[in-house]
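Hi everyone, thanks for coming. I'd like to walk you through one structure today, so please have the sequence and the 3D view open.

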Amino acid sequence: MASGIRMKAKLKGDTAEVKTLMKHEMETGTRKDKKTGETIPAHYITEVKAELNGKVVMTANFGPAVSKNPYFAFNVSGAKAGDTLTVNWVDNEGKSASEELTLS
Amino acid sequence: MGVSRRLFLRGAAAAAVLMALPRALLAWPEKAFKANSRDDVMKALFGGTEASESSAVVLNAPDIAENGRVVPVSVSSTLDGVETIGIIVEENPSPLAASFDLGPGAAADVSTRLKMGKTSNVIAVVRADGKLYTAQKEVKVTIGGCGG
């Protein structure tokens, strides 16, 4: 789990039901550090991309109002066993992570 | 509440950082996320505010959220040709919480979890075949999710 993305997919017919959990602070930029009184800078995932066999099927754009360690579930049709599903995210600091699995 | 010079400078610095972000981020609808009203979000994200309430848009959210930091919200639609789904929390400082661009093969059915500062209407906006459809629901929040 080096990527910090947990991903599960279930095939129902030709539809893949995908659930993902991404480890991320999702800091809004409006909270203050209680000790120093300094505002904690915003740090959040902005974009999540899901690809099926290398083709983008879904892009999620997140704002800071998405909860810490974002949960994102979606369905992809036209999928079959053996297909590769990739999920990657980019945050507002340009950091990224990616995870993939083979549908079965 | 005036804007102090320091705050202004910090904002300017932040803006400079944002502008220096890599090109990969350009697709992110920044204007829509920075908008602070429902109408402005609609304009920035969908290019208009004209939308009809539709039972073909299904918004699932709790009646009461005991913890505003984690409010499960899902949107699905039976409409054909869904291109984009937006989730707006009207009373949040930045009302647009998330938007989803559906490519070929993606089903109009997404779930995520959101932060809500206080009791608010949650609005699901779906663009299908170029037209906008909405569904909304009030979610009561007992403990807000935006404080420190």
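Let's start with one pair of residues. If you find Lys19(A), its bridge partner in S5(A) is Ala73(A). A word of caution before we go on: this is a predicted model.

That pair belongs to a longer stretch of pairing. Strand S2 of chain A, residues 15-22, and strand S5 of chain A, residues 71-77, run antiparallel and are joined by 7 bridges.

Now, what lies on from S5(A) in the order of the sheet? It is S7(B), a strand of the other chain. S5(A) and S7(B) also run antiparallel, with 4 bridges between them. Have a look at Val76(A), which stands opposite Ala106(B) in S7(B).

Put together, this gives an open sheet of 6 strands with antiparallel pairing, in the order S1(A)-S2(A)-S5(A)-S7(B)-S4(B)-S2(B).

Let's turn to the contact between the chains. Chain B puts in 34 residues and chain A puts in 32. On the side of chain B that touches chain A, S6 and S7 (106-114) of chain B are the elements that give two or more residues. S7(B) has the largest share, with 8 residues. By class, that side of chain B has 21 nonpolar, 8 polar and 5 charged residues.

A few words on chain A by itself. With 0 helices and 7 strands, chain A reads β-β-β-β-β-β-β along the sequence. Its C-alpha trace spans about 55 × 25 × 20 Å along the principal axes. Of the 104 residues in chain A, 37% are buried. And among chain A contacts between residues at least 6 apart in sequence, 54% join residues at least 24 apart.

Finally, a helix in chain B. In H3(B), residues 38-46, the buried residues are Val41(B), Met42(B), Leu45(B) and Phe46(B). Those four cover an arc of only 100° around the axis, which puts them on the same side of H3(B). What do the buried residues of H3(B) pack against? Their partners in chain B are helix H2 (30-34) and strands S5 (82-89), S6 (96-102), S8 (120-128) and S9 (131-143). Just after H3(B), Gly47(B) takes a positive phi of about 75°.

Definitions and conventions: Residues numbered from 1 in each chain as written. Chains lettered and ligands numbered in written order. Predicted model: local features only at pLDDT ≥ 70, side-chain atom pairs only at ≥ 80, totals over all residues. Pairing = 2+ DSSP bridges. Buried ≥ 20, exposed ≤ 12 C-beta atoms within 10 Å, placed from the backbone. Arc of directions from axis to C-beta. Contact = placed C-beta atoms within 7 Å. Nonpolar A, V, L, I, M, F, W, Y, C, P; charged D, E, K, R; others polar.
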